[in-house]
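Subject: A structure for you to look at

Hello,

Here is the structure I promised to pass on. Please open it alongside this note, and I will walk you through what turned up.

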Amino acid sequence: MIDDIPEAVRKTAPTPTKSSLPMPILATVVGLGVVVVGLLIFLFYPKASRETAQTETEVASGIQSTSNTEIIQSPPTETVAEPEPIDNVLGHLPYQQAKASDLAPITADGSIRLKKSAAKEFREMQSAARQQGIILTAISGFRDEATQEYLFFEVKKNRRQDTSTRAEVSAPPGYSEHHTGYAVDIGDGKVPGTNLNTNFEKTAAFRWLEQNAARYSFELSFPRNNPQGISYEPWHWRYVGDRHSLETFYKARNLK
Ligand SMILES: [Zn+2]
């Protein structure tokens, strides 16, 4: 029977029967392979291309890509908050100007003001000193940036001081502790000639402050050889008696 079939047909005819078993397996393996490769490409290619795009953005614009990343990752409220500036100018640190509504007078005519919390403590300190015969006079309290601008640049011109010499004795506008409403320049009412002068350290008022100011949460901002490199100012005291004042003076400088 087989001999009746032409050779060409005979050879091809048995082939389907011989390869009937391997063919579906081969097809399955190949088919599965294609599916797996396709799946892998589908899963990983978009991610890979996204990463490449991000790297290119970072290379193209360093800071901008970082802020873009922050916007994607954190809620909008957090992106609004910027890190507090910690740079100093000639040793002086930047300070926020107190709001007028947060200030209270420490002199009878109301011309000198401090933040309410500091004003209350100052008045208590002043009356405690008076009971011991010490007259603490307020020379300067809160100063706005315009006043500081005048004090720094105009006085600098009049005294023909260069910027760094001026900065040793006065803060540039925006960098004075007096902006905060927590700093006060104190004089001895009995020896006004020592006002804003290092001779103030020889007065009874200064000695009293050294011994008692801490009880009212006032501290000397610029003692001798202070790390900020500011001239010694025995008359300049700052209030650190509540959370906000403490953060105002210590947060920025403790950050690196
Ligand atoms: Zn001062």
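In helix 6, the buried residues are Ala118, Ala119, Glu121, Phe122, Met125 and Ala129; a residue is buried if 20 or more other C-beta atoms lie within 10 Å of its own, exposed if 12 or fewer, and partly exposed in between, with C-beta atoms placed from the backbone. Viewed down the axis of helix 6, these buried residues fall within an arc of 165°, so they line one face of the helix (the arc is that of the directions from the helix axis to the C-beta atoms). Glu124, Ser127 and Arg130 are exposed on the other side of helix 6.

Before going further, two notes on the model. It is a predicted model, in which local features need pLDDT of at least 70, side-chain atom pairs count only at pLDDT 80 or more, and totals for chains, interfaces and linings use all residues. Residues are numbered from 1 along each chain as its sequence is written.

Overall, the protein chain has 10 helices and six strands; helices (H or I, at least four residues) and strands (E, at least two) are DSSP runs, numbered from the N terminus. Of its 256 residues, 25% are buried.

Now to the core. The largest nonpolar core holds 32 residues, and those with the most contacts inside it are Leu114, Phe122, Met125, Val184, Ile186 and Trp237. Such a core is a set of buried Ala, Val, Leu, Ile, Met, Phe, Trp, Tyr and Cys residues joined through C-beta atoms within 7 Å. Two or more residues each come from helix 6, strand 3 (136-140), strand 4 (183-188), helix 9 (204-212), strand 5 (218-220) and strand 6 (236-239). Helix 6 gives the largest share, five residues. In soluble globular proteins, nonpolar side chains tend to be buried together.

Lastly, have a look at helix 7 (residues 145-158), where Glu149 lies. Glu149 is partly exposed, with 14 other C-beta atoms within 10 Å. Glu149 and Gly174 are 25 residues apart in sequence and 8.4 Å apart in space, C-alpha to C-alpha. Just after helix 7, Arg160 takes a positive phi of about 55°.

Enjoy exploring!

Best wishes
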